[in-house]
Structure formats: structure tokens, C-alpha cells
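Hi,

Here is the structure I said I would pass on.

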Amino acid sequence: MDDVILEMRGISKTFSGVYALRDAQLTIRRGEVHALIGENGAGKSTLMKIILGVHAPDAGEMTFKGKAFRPQKPMDALQAGISMIHQEISLADNMTVAENIWIGREPASHGFVNYKALREDAAKLLAELRIIIDPSEKVGHLSVAQMQMVEIARAISYNADLIIMDEPTSALTEEEVGMLFSIIRTLRDKGVSVIMITHKLDELFEISDAVTVLRDGSYVSAHPISEIDEKKLISLMVGRELSELFPKQEAQIGETVLRVQGLTRKGLFEDVSFAVHRGEILGVAGLMGAGRSEIMTALFGGMPVDGGEIYIDGERVAIRNPRDAIRHGLAMVTEDRKLTGLSLCRSCKENISVTNLKRTSPSAFLNKKKEMEEVREMIHALSIRLADPEQAVRSLSGGNQQKIVLARWLLTAPKVLILDEPTRGIDVGAKSEIHRLISELACKGMAVIMISSELPEVLGMSDRIMVVHGGRVRGVLSRAEATQENVMALATNTVKEGA
Ligand SMILES: Nc1ncnc2c1ncn2[C@@H]1O[C@H](COP(=O)(O)OP(=O)(O)OP(=O)(O)O)[C@@H](O)[C@H]1O
Ligand SMILES: [Mg+2]
């Protein structure tokens with residue numbers, strides 16, 4: 001058909017003998033938003049890197065704009081009219097926003113970079129996209145969401161005919177997602193094609209025209225969006241029906257483990273008080289920017305506070321840094337797992353067990369056998385997709401890297417486990433396994449604090465829900481009281497008097 005812009009057939013790719021893609025195919029039409037979905041490790045990013053010329057396929061054919069296409073490097077793909085927003089942010093921290101956008105094609109006069117033009121062009125582009133970021137700001141000073149917007153601006157600046165977006169919304173607020181979607185619609189109207197990888201099915205139904213499903217590196221099927229529903233998509237992705245997405249077990253709720261009194265950091269949050277009990281899952285809901293992550297980071301000793309008291313098992317403790325927090329039995333999985341926690345070039349095994357060395361080896365010697373057993377159990381429990389526990393974390397898919405961090409902290413067996421967006425970037429199948437695991441830990445008596453921006457997740461998993469808005473606790477709802485509506489009312493601070 002002549003409205004096809006990209007065609008891939010019979011694509012296979014192995015990494016050290018293990019298949020990442022096996023006979024995959026993809027057809028993209030001009031001016032369509034095409035979603036690409038599949039479980040963590042299904043091969044989505046790898047397929048995109050083949051379009052971009054980062055990886056060469058072992059087998060298969062590709063055509064772009066009707067001609068055979070064999071990019072050897074990303075520059076080839078760019079010149080042909082393809083740009084990509086990567087899953088991992090790929091900006092240079094010590095350079096400015098403008099420099100990052102025009103990297104490799106800076107406007108020059110007399111052989112020197114024209115920094116004024118560079119800044120002005122960037123300002124113009126950002127203004128067109130309605131992105132409010134100072135082009136002369138160093139990228140290292142931006143928030144993760146802002147970095148994501150700069151990546152988006154850069155990808156668009158190439159005036160490509162095909163833009164690939166690998167989980168572009170994972171770090172964006174709802175408002176920013178709305179902005180991105182209106183940018184995507186404008187591009188589509190101009191005839192640009194967009195491939196969008198996402199684990200958020202509601203977004204997929206909102207923005208895409210068609211969808212292709214991959215499973216275990218193979219093509220499953222492709223559909224116009226009007227001919228498929230969420231339930232069908234999930235079963236195509238995971239190869240089975242998923243009945244219970246939030247399998248919460250009823251746990252025995254015991255005595256108070258952690259009590260926080262009047263925790264304050266001026267300008268960020270104020271007078272925050274709450275408690276968690278043994279066996280309890282305390283959900284923390286709120287809009288992006290409400291202060292949820294900041295409160296938990298401060299509790300964990302990651303930032304200084306202006307006031308407040310912390311009690312563990314009834315005793316007041318001082319937590320000045322994460323080391324203190326860990327010593328008192330706290331553990332935290334942070335929101336931006338890519339920036340914290342992982343040693344990318346070390347093995348999966350080492351990354352999972354790094355904080356556990358003390359526990360598994362009471363003597364100075366490492367108990368190798370026990371370590372390996374635990375690591376294997378975790379890999380199985382979280383269904384981490386890897387060829388060998390000794391392989392470098394860098395070689396795992398994005399979602400599987402996140403599971404590695406989760407595995408490490410789950411193994412420390414803390415009294416209180418703080419999880420910040422534990423299932424962001426995780427596919428629907430693994431998500432329910434992670435939920436089951438969290439629920440089991442609670443049943444064993446662990447106290448869990450779970451920040452989540454996904455209301456169904458908070459409502460499904462929590463025994464109580466604490467809602468934060470503007471750095472203050474606006475209310476705590478019991479499982480029975482909590483509904484989508486009253487959580488949102490507290491989160492947006494629009495609770496009616498007497499309600
Ligand atoms: N450079 C590499 N070396 C070794 N294995 C790799 C490499 N890149 C990817 N893989 C493997 O290929 C498989 C597919 O990974 P890919 O990143 O394409 O998955 P994905 O569908 O994008 O998953 P996610 O949703 O988690 O991002 C995984 O099993 C991964 O471990
Ligand atoms: Mg990926």
C-alpha cells in the first residue's frame with residue numbers, strides 16, 4: 001500500500017545467543033500514531049533500535065518510504081527522516097538545554113558556534129511547543145519531567161517523518177502528558193507518523209490509531225484501535241487472561257511500627273503526621289508535585305527537615321541520612337530508579353544482593369550459595385527476564401532493570417518498606433505479581449508505605465489512604481471509605497464543607 005511509510009518483516013535479533021526478537025514485524029502508515037506494546041523484555045526497545053541503526057538485525061527486511069532501508073548508525077536514520085525519544089534520558093547534564101537540543105548541528109559562523117543563535121532557536125522551538133524551560137539552564141538542574149520535555153523537543157526539532165517515542169510519559173505530570181498529546185496530534189495532522197511505546201493502556205486508547213502487540217520477541221497481532229478493547233489487548237500481551245489485577249490479601253493489622261509527628265520542611269511540606277502498623281499497606285495519593293516523594297525522601301533521611309519527630313516501635317529516633325534510616329529498619333525504593341541505586345555495568349546478581357551482604361554472611365565471608373538462592377527466588381518472584389544472573393544490568397530491558405532495584409530492597413526484609421511508584425514502567429502482568437508480593441510481605445508483618453499516582457492501584461492495594469495536597473495531609477481514608485471521587489476531592493483540595 002502506498003500510504004505505508006515503514007515496513008519491517010521477519011526481524012530477528014539475538015544477544016549472545018539469546019533471542020530478543022524472533023520473526024517480528026511492524027507496519028506503520030503515514031500520519032498515524034501507532035502504539036507498540038508488550039511485556040517487559042518483549043523486544044519493543046530492541047525493535048526500535050533496529051529502525052534507528054543502533055542494532056543490526058540478524059535477519060529480516062526493512063523498507064522506509066518504499067525503499068530498502070539498512071541504517072548502520074543513528075545518523076543514517078536521522079538523515080532518512082527518523083528521530084527517537086529514548087526510554088533512558090540521554091542528555092548531557094553539564095550542557096545547557098539549547099546545546100543539548102542542537103547537539104551535533106549547532107549554528108556556526110566563521111567556524112565558531114553561534115551561541116546566541118543557538119539559544120534563540122531553542123527558545124523559539126520551546127515556545128512553539130509551549131514548553132516553559134529556560135534554554136540556557138544546565139540540564140543537570142532540571143527535574144526528570146523537564147529533561148523528558150527537552151528530549152521531546154530535540155526529537156521534534158529534526159522535522160522527522162517518523163518519530164519514535166519509547167515510554168515518553170513515564171515521568172510526566174498529567175498536564176504535561178496533555179501537552180505532549182496535543183503536540184502529537186499536531187504532528188499527525190501534518191502527516192508525521194509516531195510510534196509510541198507505553199505500558200499505560202488508557203493513554204494508548206486516548207492517542208493511538210493502531211496498535212501492534214509483541215510477545216517474547218515475536219509478532220502477535222496488529223489492530224486498528226477501534227477494533228480492540230483493553231481486556232483483549234492484555235490477554236494478547238501476556239498470553240492469558242488476567243482476572244485479578246490487584247490481588248490484595250487481608251492481613252492482620254498489628255501495633256504501630258512507625259509514627260511521624262509534625263514533619264516540616266519549609267516550602268515543601270508542613271506538619272505531616274501519620275502512622276503505619278504491622279501488616280498494613282498505607283497508600284499515599286496526591287497529584288504530581290503534591291509533595292509525596294519529598295515527604296518520604298525526608299523521612300528516609302534523604303533531605304534535611306526543619307522540624308518533626310519520628311518514632312519507630314514507640315521510640316524516638318534521629319534519621320539524618322539514609323544510612324540511619326536503614327539501620328532503624330526502613331527501606332525505600334525511589335521514584336527515579338534509573339538515577340539511583342543501580343550499578344549498570346555490574347551483574348544482576350550483584351545488584352540484587354548488594355545491600356544484603358551483611359545479612360547473608362554473618363561472618364566476613366560471603367555465603368555464595370545462600371546469596372544465589374535468594375537472588376534466584378527474587379528473579380522468579382518478580383519474573384525478571386534475563387538470560388543469566390551474572391549478566392550486566394545494562395543489558396536488561398528498562399522494566400526489568402526497575403524490577404532489579406525492587407528485588408534488592410524486598411530482600412533486605414525491612415520493618416517499614418517505602419515504595420515510590422513501584423510499578424511505573426512495569427507491564428500489566430508483572431504488575432499484578434509485584435502487587436501479590438507486596439501484599440504477601442504485609443501479611444508477614446511488614447509495614448508498607450506506597451506512593452502511587454494510579455488511583456486503581458492505590459484503591460486496590462491500600463488498607464488506608466493518606467491524601468496529600470500542597471505539602472499537607474488533607475485526609476486519611478479507610479479502605480471502606482475510599483472511592484475514586486473522594487480521593488480526588490482531597491487530592492485537588494475541593495472537598496465540600498460537611499462532606
Ligand atoms: N544490549 C543487550 N545485550 C543483551 N541483551 C539485551 C540487550 N538489549 C536488550 N537485551 C535483551 O533483549 C530482550 C528485549 O529487551 P527490550 O529492551 O527490547 O525489551 P522491552 O520490550 O523494551 O521491555 P521494557 O518494557 O522493559 O522496556 C530482553 O530480554 C533484554 O534483556
Ligand atoms: Mg523498553
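Predicted model: local features only at pLDDT ≥ 70, side-chain atom pairs only at ≥ 80, totals over all residues.

I started with the ligand. Ligand 1 has 20 residues around it, and the closest are Gly41, Lys44, Thr46, Ser397 and Gly399. A polar backbone atom of glycine 41 sits 2.8 Å from an oxygen atom of ligand 1, and for glycine 43 a polar backbone atom is 2.9 Å from a ligand oxygen. With serine 397 the side chain takes part: one of its N or O atoms is 2.7 Å from an oxygen of ligand 1.

Next, a pair of helices. H14 covers residues 398-411 and H15 covers residues 428-443; they pack at an angle of about 10 degrees, with 13 Å between their axes. On the H14 side the contact is made by Lys403, Leu406 and Leu410, and on the H15 side by Ala430, Ile434, Leu437 and Leu441. By type, that is six nonpolar residues, one charged and no polar.

Last, threonine 264, which you will find in strand E13 (residues 256-265). Is threonine 264 buried or exposed? Its relative accessible area is 15%, so it counts as buried, the cut-off being under 20%. Its side chain has a polar atom 3.1 Å from the backbone oxygen of glycine 262, and also reaches the backbone nitrogen of aspartate 271 at 3.0 Å. Beyond its neighbours within four places in sequence, threonine 264 touches Phe269, Glu270, Asp271, Val305, Asp306 and Gly307.

Cheers

Methods:
Residues numbered from 1 in each chain as written. Chains lettered and ligands numbered in written order. Heavy atoms only, no water. Helix = DSSP H or I, 4+ residues; strand = E, 2+ residues; numbered from the N terminus. Buried < 20%, exposed > 50% of the residue type's maximum accessible area, 1.4 Å probe, protein only. Polar contact = N/O pair within 3.5 Å; in protein donor to acceptor, adjacent residues only side chain to side chain. Contact = heavy atoms within 4.5 Å. Axes fitted to C-alpha atoms, helices over the stretch in contact; angles between N-to-C directions. Nonpolar A, V, L, I, M, F, W, Y, C, P; charged D, E, K, R; others polar. Near = heavy atom within 4 Å.
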